[in-house]
There are 2 protein chains.
Amino acid sequence: MSNREEALELHRENPGKISVETSVEINDSEALGLVYTPGVAEPCKEIDEDSRKAYQYTSKGNLVAVVSDGSAVLGLGDIGAEASMPVMEGKANLLKKFGDVDGFPLVIDADGAEDIIETVENVAPTFGAINLEDISAPECFRVEEALKERLDIPVFHDDQHGTAIVVLAALKNALKLVEKSLKDSKIVIVGAGAAGIAVSNFLLEAGAENILPVDSKGVIKTEDENIYKSKLAEKTLASEEQGGLTEAIEGADAVIGLSVAGLISEEMVKSMAEDPIVFALANPDPEILPKNAKKAGAAITATGRSDFNNQVNNSLAFPGIFRGALDVKALEINESMKIAASEAISDFIEPEKNAIVPQTLDKELAREIAGRVSEAARETGVAQE
Amino acid sequence: MSNREEALELHRENPGKISVETSVEINDSEALGLVYTPGVAEPCKEIDEDSRKAYQYTSKGNLVAVVSDGSAVLGLGDIGAEASMPVMEGKANLLKKFGDVDGFPLVIDADGAEDIIETVENVAPTFGAINLEDISAPECFRVEEALKERLDIPVFHDDQHGTAIVVLAALKNALKLVEKSLKDSKIVIVGAGAAGIAVSNFLLEAGAENILPVDSKGVIKTEDENIYKSKLAEKTLASEEQGGLTEAIEGADAVIGLSVAGLISEEMVKSMAEDPIVFALANPDPEILPKNAKKAGAAITATGRSDFNNQVNNSLAFPGIFRGALDVKALEINESMKIAASEAISDFIEPEKNAIVPQTLDKELAREIAGRVSEAARETGVAQE
């Protein structure tokens with residue numbers, strides 16, 4: 001059976017891969033009278049008096065909505081709400097398996113950013129946190145900004161921040177192995193969509209000083225009409241450099257591909273500095289295959305795929321991040337919590353060239369991340385307990 | 001421990017009473033590659049080509065949103081979205097337990113009917129059906145009408161139709177025992193909210209010809225500004241009668257209370273026709289206690305409570321109705337399906353005065369209802385398989 005057929009069969013046999021289960025017994029009318037009317041009125045009254053008690057008496061505190069409008073799904077593009085559902089369900093599976101979080105896939109047939117914002121704002125009382133997913137740029141930035149402002153629960157766009165957290169962890173370990181510093185290294189970011197912009201900003205925040213983001217038109221520009229790009233350009237080498245990817249990549253210590261298959265050539269890798277680091281994270285097909293990057297001199301390679309070494313994948317981060325945020329009823333997931341998550345990942349292993357990040361399936365990792373994220377939430381005053 | 005404390009303890013120990021579980025194993029990177037990227041792209045592509053395949057490859061086909069804005073919760077009134085959550089979770093519990101349906105509580109912080117409509121419309125691609133719950137009248141009518149028109153999945157306001165279905169079943173069995181016909185009996189409906197209006201309309205549809213709905217101002221009027229009341233008045237005895245409940249109830253064969261505690265007096269019951277039927281369904285405290293109604297001559301009594309005989313409760317109906325609708329991927333829940341559900345309930349037992357409806361906790365009942373509802377859906381052309 002081909003991989004395609006195997007994937008379809010798995011989804012046919014377990015439609016949705018999730019189920020909603022009852023965690024109470026209802027075997028007699030007494031139990032029914034507690035779970036449902038009349039007993040159910042008691043927790044309702046408690047929450048009516050003090051809305052924070054929703055965490056105590058309802059599933060809110062462990063429920064995370066995995067929200068998408070299906071406008072930028074995997075490498076598939078704008079396939080719409082219904083067709084994006086399997087990805088959100090997969091995400092719910094990983095939240096449960098690694099973080100013991102009740103993730104619920106909620107796909108939205110929305111008419112632009114404002115419509116997504118209003119819908120999520122309206123359903124938010126149900127949930128303890130919101131995971132935004134596969135929403136196209138630049139709408140995703142507006143959606144996240146508005147929801148963070150309006151809601152008092154964490155709102156986290158995983159394509160941006162999950163990716164940034166794992167990339168930083170992997171890059172720090174890779175740089176350690178080639179004995180270079182984050183601060184001094186020239187790092188080219190290929191792709192200026194949701195992930196590219198978030199990774200660039202997060203690396204800057206972590207202390208990188210020589211970032212050069214490139215999009216399909218070349219080095220991004222300070223006068224780009226997309227304000228997320230123009231603002232980023234001002235903070236990076238893009239404020240002084242121009243040209244295409246070929247020029248940008250020359251002399252770089254690291255290149256991080258968050259774009260499309262095949263964009264990085266062996267010639268480009270050859271033009272990089274000594275011991276170059278090549279992360280080719282486009283899914284499912286990387287910007288350059290690891291073996292070709294190595295042939296061209298790459299010291300360390302990574303992809304988003306599970307069938308090569310060094311899988312740089314969001315799933316390393318998000319289950320632990322949500323677990324940690326929910327554990328302390330965090331009001332948001334702030335920069336300190338993201339940095340804490342990234343450090344938990346990079347510190348989790350003694351890195352080697354073929355193992356710069358932990359294994360995706362290590363459940364201990366999510367616990368470690370959760371602990372550090374909870375701690376950072378408390379330290380920055382966004383924990384409610 | 002008091003009932004109140006017991007109910008609170010149950011809700012504290014099982015926060016939310018539901019959990020979202022993973023129905024696939026993810027124990028190696030191969031499995032991960034099927035459940036999540038890259039394998040998950042395959043069902044996405046299938047659904048992108050043909051949206052009906054969402055039923056085959058996602059949880060949509062067994063997922064029912066239990067939606068409320070918390071504006072008319074039990075006897076508690078407008079307590080808001082967050083405080084209504086325990087009721088929606090209880091409903092999800094019953095859907096699972098009796099119908100094997102994945103019910104998901106979705107509470108909405110909405111600003112009026114239009115806002116509810118838009119929010120539910122936007123999230124609808126996630127679900128196979130929508131159960132509206134505890135939304136105040138008359139907004140609930142507009143919400144249901146609009147959503148039925150806009151969506152191609154069943155939309156069912158349980159406070160209206162679930163109640164109507166169970167009341168008709170109970171009333172038919174009660175009338176059988178006192179040897180009266182639905183057609184000829186004078187039936188007073190006390191309360192003209194969501195349930196009162198829906199019960200009146202459904203009884204008319206089932207063949208009753210002498211319905212008299214009464215609200216807090218007396219017999220409803222053909223010139224009421226609430227068009228749901230004025231339209232109903234025209235179809236009932238209310239078009240020719242007036243006065244208060246005391247006058248309305250005189251000579252009635254049955255009275256169905258869907259209002260507030262204590263509204264029906266012993267004197268009123270005494271003024272009814274021979275062998276009067278008294279359904280006092282206000283929750284948690286009935287319009288008249290069964291023992292008092294009987295003292296005044298009632299032949300048959302019923303309440304909404306589990307601690308008296310003859311519990312007329314929605315939970316008899318909705319799990320089986322949704323099961324039946326989902327089983328055939330019904331596009332809607334139409335009048336024939338509702339009548340079929342009601343008949344399944346009344347036919348399920350050989351009625352006795354203290355057992356005019358089946359037991360709430362009988363799982364066989366939901367299966368019987370589901371079968372008849374599926375059949376009615378097929379017969380009326382709203383089944384997709």
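1. Glu364(B) and Arg367(B) lie 3 residues apart in helix H16 (residues 363-379) of chain B, which means that about one helical turn separates them. Helices here are DSSP runs of H or I with at least four residues, strands are runs of E with at least two, and both are numbered from the N terminus. The two side chains meet in a salt bridge at 2.4 Å, N to O; the term denotes a side-chain nitrogen of Lys or Arg within 4 Å of a carboxyl oxygen of Asp or Glu. Glu364(B) is partly exposed at 44% relative accessibility (buried is under 20% relative accessible area, exposed over 50%, partly exposed in between, with a 1.4 Å probe and protein chains only).

2. The model is predicted: local features need pLDDT of at least 70, side-chain atom pairs count only at pLDDT 80 or more, and totals for chains, interfaces and linings use all residues. Residues are numbered from 1 along each chain as its sequence is written, chains are lettered from A and ligands numbered from 1 in the order in which they are written, and side-chain values use heavy atoms, with hydrogens and water left out.

3. Over all chains, the search of the whole structure finds 52 salt bridges. Shared partners join Arg4(A), Glu42(B), Lys45(B), Glu46(B) and Lys53(B) into one network of such bridges.

4. In chain A, Arg52(A) forms a salt bridge with Asp152(A), the closest N and O atoms being 3.4 Å apart. This pair links distant parts of the chain, 100 residues apart: Arg52(A) is in the loop between helix H3 (41-49) and helix H4 (54-57), and Asp152(A) in the loop between helix H7 (139-150) and strand E5 (155-157). Arg52(A) is partly exposed, at 31%, as is Asp152(A), at 44%.

5. A salt bridge of 3.6 Å, N to O, pairs Arg142(A) with Glu114(A). Arg142(A) belongs to helix H7 and Glu114(A) to helix H6 (residues 113-123) of chain A, so the contact ties together parts 28 residues apart in sequence. Relative accessibility is 41% for Arg142(A) and 33% for Glu114(A).

6. Chain B contains an open sheet of 4 strands in the order E3-E2-E4-E5, with parallel pairing (two strands pair if DSSP finds at least two bridges between them). Strand E3 (102-107) and strand E5 (155-157) form its edges, each pairing on one side only. Between strand E4 (residues 129-132) and E5(B) there are 3 bridges, and Ile130(B) stands opposite Val155(B) in E5(B).
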